[in-house]
Amino acid sequence: MINHLGIELADICKLYPKSDTFSLKDLSLSIPQGIVYGLLGPNGAGKTTLISILCGIIPATTGSIRYFDQGQPISEIERRQVIGFVPQDFAFYEELTAKQNLDYFGAMYNIPAAYLGPRRDELLEVLGLSTVAHKAVSTFSGGMKRRLNLAIGIIHRPQYLFLDEPTVGVDVQSKEAIVRYLKTLKQGGATIIYTSHHLAEAEEICDRIALIDHGRLVVEGTTGGLLENHEAPNLQALFLQLTGAAFRDQ
Ligand SMILES: Nc1ncnc2c1ncn2[C@@H]1O[C@H](COP(=O)(O)OP(=O)(O)OP(=O)(O)O)[C@@H](O)[C@H]1O
């Protein structure tokens, strides 16, 4: 399968207002279309900042981002239609039911009712939420909320899906369900860009990874190629080899 260029970032810098330290510095990446791409790094490395810039939630201070489809650049308006974002913080209404949340967010994307109903029911089914579809989300477990968060981010079938720690704080069953569904989305042609601290999970699903530390790119490449080049038995060993053992508490 030919992977066309999907997203190209050039010299991205991010200086938050009132901050005197760059959260991202001179970061350049080329992300192919149709793969799972992992943004990895220690606490405070800049992963959330980068994913938020990539999907247009916050602006970069300097640098450029271009999106492509089948090798052709796409406009800002087109970009907004083809991306989906699953944030680390839950982005739904606790007092509404799972079904009402999906209906609400589906309507925000202007999905016609004839398509929205079947799409909503399909997502509830594959993410194991059918039996609780009519319950208020405030009664859900952490894993159920994570799965609903994912369903909302993909209700409009995005071509580019950004996920910020999609499996944080969930049990093995929910993690498996989420990972399985991400693989299904990739098989359907989606480009998935995700951050995670679960390195075994990242090793399982990422075709390529970028390792970031202190806002700078440390290394980038195919998961297998990086392990081989650095003679690392797994991603955790590679991570420690390249970022050191020091804590990142401040
Ligand atoms: N709104 C903000 N204002 C100022 N500084 C910020 C802001 N958001 C993040 N930062 C800083 O930018 C740097 C990168 O933070 P970011 O949240 O992107 O890292 P991360 O890799 O996602 O970390 P974690 O793994 O802990 O979620 C950190 O030093 C952080 O303190």
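What follows is a walk through the fold of this predicted model, from overall dimensions down to single residues. Local features need pLDDT of at least 70 and side-chain atom pairs count only at pLDDT 80 or more, while totals for chains, interfaces and linings use all residues. Residue numbers start from 1 along each chain as its sequence is written.

Taken as a whole, the protein has nine helices and ten strands; these are DSSP runs, numbered from the N terminus, with helices being H or I of at least four residues and strands E of at least two. The radius of gyration, taken over C-alpha atoms, is 18 Å, close to the 18 Å that the globule rule (2.2 Å times the number of residues to the power 0.38) gives for 250 residues, so the protein is as compact as a globular protein of that length. Along the principal axes, the C-alpha atoms fill a box of roughly 50 × 45 × 40 Å.

Now for the sheets. Six strands form an open sheet in the order β6-β7-β8-β3-β9-β10, with mixed pairing; two strands pair if DSSP finds at least two bridges between them. β6 (83-86) and β10 (216-222) sit at the edges with a single partner strand each, so one side of each has no neighbour in the sheet. On average, neighbouring strands here are turned by 15° against each other, direction ignored. Inside the sheet, β7 (residues 160-164) and β8 (residues 191-195) run parallel and are joined by five bridges, with Asp 164 opposite Thr 195 in β8. Helix α6 (residues 172-187) packs on this sheet, touching β3 (36-40), β7 and β8, and its direction makes about 145° with that of β8; such angles run from 0 to 180 degrees between N-to-C directions, with axes fitted to C-alpha atoms, for helices over the stretch in contact.

Helix α5 (residues 142-153) lies across β6 and β7, at about 165° to β6. Its buried residues, which include Leu 148, Ala 151 and Ile 152, pack against β6, α3 (98-108), α4 (113-126), β7 and α6.

The other open sheet has four strands in the order β2-β1-β4-β5, with antiparallel pairing. Its edge strands are β2 (24-32) and β5, each pairing on one side only. β4 and β5 share two bridges, and Asp 69 has Gln 72 in β5 as its bridge partner. Gln 70, in the loop between β4 (62-69) and β5 (72-73), is exposed, with 10 other C-beta atoms within 10 Å.

Helix α1 (residues 47-54) lies across β1 (5-14), β2 and β4, at about 125° to β1. Six of its eight residues are buried, so α1 is largely enclosed by the rest of the structure. Among them are Leu 50 and Leu 54. Leaving aside neighbours within four places in sequence, Leu 54 is in contact (C-beta atoms, placed from the backbone, within 7 Å) with Ile 7, Ile 65, Phe 162 and Ile 193. Just after α1, Gly 56 takes a positive phi of about 85°.

How values were computed. Two residues are in contact if their C-beta atoms, placed from the backbone, lie within 7 Å. A residue is buried if 20 or more other C-beta atoms lie within 10 Å of its own, exposed if 12 or fewer, and partly exposed in between; C-beta atoms are placed from the backbone.
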